Amino acid sequence: MDFLMMKTKVWDFIQNGAEDVEQFNSLAVEIFHYQYKHNQAYREYCRSKRIAKNSVKRITDIPPVPIGAFKYAELSCSPASEVEAIFTTSGTTNPEQKGKNFHRDLDVWKTSMSVNFAKQMMATRRKMKMVMLFPTEEELPNSSLAHYLANAKQKFGTDDSEYVVSLAHFDMERLVEILLDAEESNEPIMLLGATFSFVHFLDFAEEKQLVFSLPEGSVVMDTGGAKGRSREVDPFTLKGKLSQQFSVPIEQCMNMYGMTELSSQCYDMPGTDEKIPPHWMHTSVIHPETMKPVQLGEKGIIVHYDLANYHSAVAVMTEDLAMKTERGFKLLGRATGAEARGCSLAVEQFISSSIN
């Protein structure tokens with residue numbers, strides 16, 4: 001199967017598919033076969049685990065790529081010279097080792113983002129004013145979050161949407177002006193940005209004794225954690241603080257879960273911290289040593305099967321600890337102890353497969 005045919009199948013499933021387990025399973029296996037053929041680093045990893053292409057019949061047979069492998073290998077179904085975009089991780093732990101996700105083009109990536117964003121964030125609205133608390137894609141061309149926010153602004157933002165954060169400056173005074181204007185005009189707005197930006201603004205507002213009353217229908221969405229950038233805040237606690245700061249119902253304070261190594265995002269159920277994947281993404285919580293799924297209510301390591309990640313790795317084992325729920329998962333933080341050792345061992349196995 002060639003690139004265009006694979007891309008078309010995935011794009012169509014995202015646009016027109018439904019929560020059909022058999023259809024998802026069938027397409028995931030097709031993507032695995034495609035990646036086994038065209039992704040040399042992944043093929044070598046499968047062979048090191050003695051997994052033949054034709055032995056994979058269902059998603060649980062697909063060996064997930066440990067997320068740390070994206071730092072060491074070129075996980076791509078085409079040469080880097082042929083790709084439209086390479087998204088890289090921030091490299092806060094080690095700036096010399098950044099994870100990379102290669103995208104032949106961004107058509108499926110943008111469709112994945114837009115379809116899920118429209119469903120989870122826009123409700124019945126077609127467009128609304130958006131205020132971005134993160135730098136532009138021009139400033140951060142390799143940031144998946146910068147492209148995510150630019151896509152949101154382009155597809156769902158009104159013409160007066162704007163950025164208040166750049167690499168050099170967070171214009172908090174301008175953000176205050178926008179918030180006061182929204183109160184006066186009674187036009188709802190959407191605030192979107194990295195978690196650490198909101199944490200900094202909460203500190204600023206507390207110091208200045210500022211509290212806002214945004215119009216009904218306003219939405220606040222943060223994404224990512226604050227680790228390495230500012231003081232850490234429990235995600236659900238932060239949601240409550242944002243609700244109070246902007247006088248927005250907690251159900252309208254959303255958190256987006258995404259990562260550079262994936263091509264899709266998860267959003268939480270309104271008013272909860274339970275993340276729900278879209279129909280083209282299946283999330284499993286596994287024991288990192290046995291690689292077997294845990295029972296409902298038990299904790300383990302997250303493995304995402306993201307069909308939109310058809311060009312790099314359809315199955316990705318994260319280093320996130322979570323509890324399995326009926327519809328999705330609840331994040332519990334980064335893996336520690338036995339879970340962390342299981343993740344490290346998986347990365348070592350991947351590196352070993354690329355050397356031998």
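So, the second largest cavity: its lining is made up of D222, P235, F236, L238, K239, N255, D268, D273 and K275. Keep in mind, everyone, that this is a predicted model. There is about 60 Å³ of space in this second largest cavity. Which helix gives the most to its lining? That would be α8, residues 235–246, with 4 residues. Sorted by class, the lining of this cavity has 5 charged, 3 nonpolar and 1 polar residues.

Now, how many cavities of 30 Å³ or more are there? The count comes to 2, so let's turn to the largest cavity. It holds about 70 Å³ of space. Its lining has 13 residues, and those nearest the centre are H103, D105, A308, Y310 and H311. Two elements, β3 (100–103) and α4, each give two or more residues to that lining. β3 gives the most, with 3 residues. As for class, the lining of the largest cavity has 6 polar, 5 nonpolar and 2 charged residues.

Helix α4, residues 107–122, and helix α1, residues 3–16, have axes that come within 10 Å and cross at roughly 5°. Angles under 35 degrees count as roughly parallel, so α1 is roughly parallel to α4. On the α1 side, the contact is made by K7, V10, W11, I14 and Q15; on the α4 side, by D107, V108, T111, S112 and V115. By class, this contact has 5 nonpolar, 3 polar and 2 charged residues.

That's my tour, folks. Happy to take questions!

Definitions and conventions: Residues are numbered from 1 along each chain as its sequence is written. This is a predicted model: local features need pLDDT of at least 70, side-chain atom pairs count only at pLDDT 80 or more; totals for chains, interfaces and linings use all residues. Side-chain values use heavy atoms; hydrogens and water are left out. Axes are lines fitted to C-alpha atoms, for helices over the stretch in contact, and angles run from 0 to 180 degrees between N-to-C directions. Angles under 35 degrees count as roughly parallel, over 145 as roughly antiparallel, 65 to 115 as roughly perpendicular and the rest as oblique. Contact means heavy atoms within 4.5 Å. Ala, Val, Leu, Ile, Met, Phe, Trp, Tyr, Cys and Pro count as nonpolar, Asp, Glu, Lys and Arg as charged, and the others, Gly among them, as polar. On a 1 Å grid over the protein atoms alone, a cavity is a set of points where a 1.4 Å probe fits but cannot get out, and a pocket is an open set with protein on both sides within 12 Å along at least five of seven lines; lining residues have an atom within 4 Å of a point. Grid points are joined across faces, edges and corners, and a volume is the space filled by probe spheres set on the points.
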